[in-house]
Amino acid sequence: MKKIIITGGTGYIGSHTVVEFINAGYEPIIIDNLSNSNINVLDGIEKITGKRPTFYKADVTDNFAMDKIFYENDDAIAVVHFAASKAVGESVQKPLMYYRNNLNGLINILEQMEKHGVNGLVFSSSCTVYGQPEILPVTENTPFAKAESPYGNTKKISEEIIQDTLKATPALKAIALRYFNPIGAHPSAYIGELPNGTPNNLMPYITQTAIGIRECLSVFGNDYNTPDGTPIRDYINVVDLAKAHVAAVKYLNSHKNDKQFDFFNIGTGKGSTVLEVINSFERSTGVKLNYKIAGRRAGDIEKVWADTTKANKVLGWKAEKTLDETTLSAWEWEKRLRVKSEELIVKSH
Ligand code: UD1
């Protein structure tokens, strides 16, 4: 079976990607330091797939540990590199932590790939590299904007580090996937997003409000130049997003790929306003959401959605789930999470 090393494989996008690789007949090897995820995620993956992936608790910034893991898995055909810090606000408070984690981690992974002959990389990038594009939908030819945060800057710099490394190492190939806004959970509700503390992102804030952990969702601004005044994003189902990684690994190693480095937008191709997401949630779940219009959030852009033609054509990948299926999956996961934590509370008494 073809081995794939997946860093950050117990995280939100990582765990869904591990499932899709197992479903496609690969053998994922997870590396994760569990700093923002839980070991129980492995149980969820096993429940869905019937397989428990190999797991290394290790930090990608620990190059000695990476050397050992790559030595033991030098027959892997590719690395999918998710492990990174991802909270935009926190990155403004702790820039050095973000540069250290996100850049040192990537540098170590590239070094070990080179040393142990693991020649393919799929890198988690973000639409944040485009900032507020002038022309929508945004294609891969849109120039990078000045990064709004240290987090965003790490994604930009990471793509540059990869390209420079590839130039010096002809055997390596890489693909950067620029994600739009991943939301939702696996339809089984065995895995999903586990936000740390108060969520910053829209979808977990919606589900936590609906379940009663938060009192009210603030909609950050309704005076934007959009049909209902609230900002537009391209919300992509996390399972669809996970499948894009399988397509990327297949393409990376196929004879069709004549590029050493390539990059793709991974979104649905359709923008939705915040109010449309709320309406979808209420429609798909039948739950009424308590929300109010609040002031704009600093740093938010007005609108962005993807042109996904390149990923559709070249990778043969397309987002399939509807927004209603996705908002419902987020709700099913939230309900299961709360039942699980009540069970845990009961058990601990
Ligand atoms: C944010 C990050 C982006 C990152 C992405 C990961 C910023 C500026 N960008 O994107 O780099 O890749 O998360 O998913 O932080 N909203 C509300 N109320 C809330 C929360 C959000 O109205 O309580 C609105 C926001 O104003 C925005 C939309 O919902 O219009 C989506 O917000 P969010 O989920 O935080 O994602 P982004 O800001 O697009």
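For the terms, buried means under 20% relative accessible area, exposed means over 50%, and partly exposed is in between, with a 1.4 Å probe and protein chains only.

Before we go on, a word about the model. This is a predicted model, where local features need pLDDT of at least 70, side-chain atom pairs count only at pLDDT 80 or more, and totals for chains, interfaces and linings use all residues. Residues are numbered from 1 along each chain as its sequence is written, and side-chain values use heavy atoms, with hydrogens and water left out.

Back to Asp-324. Which residue does the side chain of Asp-324 meet in a salt bridge? The partner is Arg-283, at 2.9 Å from N to O. By salt bridge I mean a side-chain nitrogen of Lys or Arg within 4 Å of a carboxyl oxygen of Asp or Glu. This pair links distant parts of the chain, 41 residues apart: Asp-324 sits in helix 11 (residues 323-348) and Arg-283 in helix 9 (residues 274-285). When I say helix or strand, I mean DSSP runs numbered from the N terminus: H or I with at least four residues for helices, E with at least two for strands. Arg-283 has 55% relative accessibility, so Arg-283 counts as exposed. There is also a network here: Asp-43, Glu-46 and Arg-52 are joined into one by salt bridges that share partners.

How many salt bridges does the rule give? The count comes to 18. Let me show you two others. Glu-159 forms a salt bridge with Arg-178, and their closest N and O atoms are 2.7 Å apart. That pair also links distant parts of the chain, with Glu-159 in helix 6 and Arg-178 in strand 6 (residues 173-179), 19 residues apart. Are these two buried or exposed? Glu-159 counts as buried because its relative accessibility is 1%, and Arg-178 counts as buried at 3%.

The other one is Arg-233 with Asp-300, where the closest N and O atoms are 3.9 Å apart. Arg-233 lies in strand 9 (residues 232-233) and Asp-300 in the loop between strand 13 (291-294) and helix 10 (309-315), so this pair ties together parts that are 67 residues apart in sequence. Arg-233 counts as buried at 11% relative accessibility, while Asp-300 is partly exposed, with a relative accessible area of 22%.

Now, please turn to the helices. Helix 5 (residues 95-116) and helix 6 (residues 150-168) pack at an angle of about 20°, and their axes are 10 Å apart. That makes helix 5 roughly parallel to helix 6. Axes here are lines fitted to C-alpha atoms, for helices over the stretch in contact, and angles run from 0 to 180 degrees between N-to-C directions. Roughly parallel covers angles under 35 degrees, roughly antiparallel over 145, roughly perpendicular 65 to 115, and oblique the rest. Contact means heavy atoms within 4.5 Å. On the helix 5 side, the residues that meet helix 6 include Tyr-98, Leu-103 and Leu-110, and on the helix 6 side they include Tyr-151, Ile-157 and Ile-161. The residues of this contact divide into 12 nonpolar, 5 polar and 1 charged.

Helix 5 has another neighbour to look at. Helix 3 (residues 63-72) packs against helix 5 at an angle of about 35°, with axes 10 Å apart. Among the residues making this contact are Met-66 and Phe-70 of helix 3, and Ile-109 and Met-113 of helix 5. Here the division is 5 nonpolar, 4 polar and 3 charged. In both tallies, Ala, Val, Leu, Ile, Met, Phe, Trp, Tyr, Cys and Pro count as nonpolar, Asp, Glu, Lys and Arg as charged, and the others, Gly among them, as polar.

Next, helix 7. Why is helix 7 (residues 202-211) called largely enclosed by the rest of the structure? Because 8 of its 10 residues are buried. Among them are Leu-202, Met-203, Ile-206 and Ala-210.

Finally, two pairs to find on your screen. Lys-167 lies in helix 6, and at 66% relative accessibility Lys-167 counts as exposed. Lys-167 and Phe-261 are 94 residues apart in sequence and 9.4 Å apart in space, C-alpha to C-alpha. Glu-325, in helix 11, counts as partly exposed at 40% relative accessibility. From Glu-325 to Gly-184 it is 141 residues in sequence and 8.5 Å in space, C-alpha to C-alpha.
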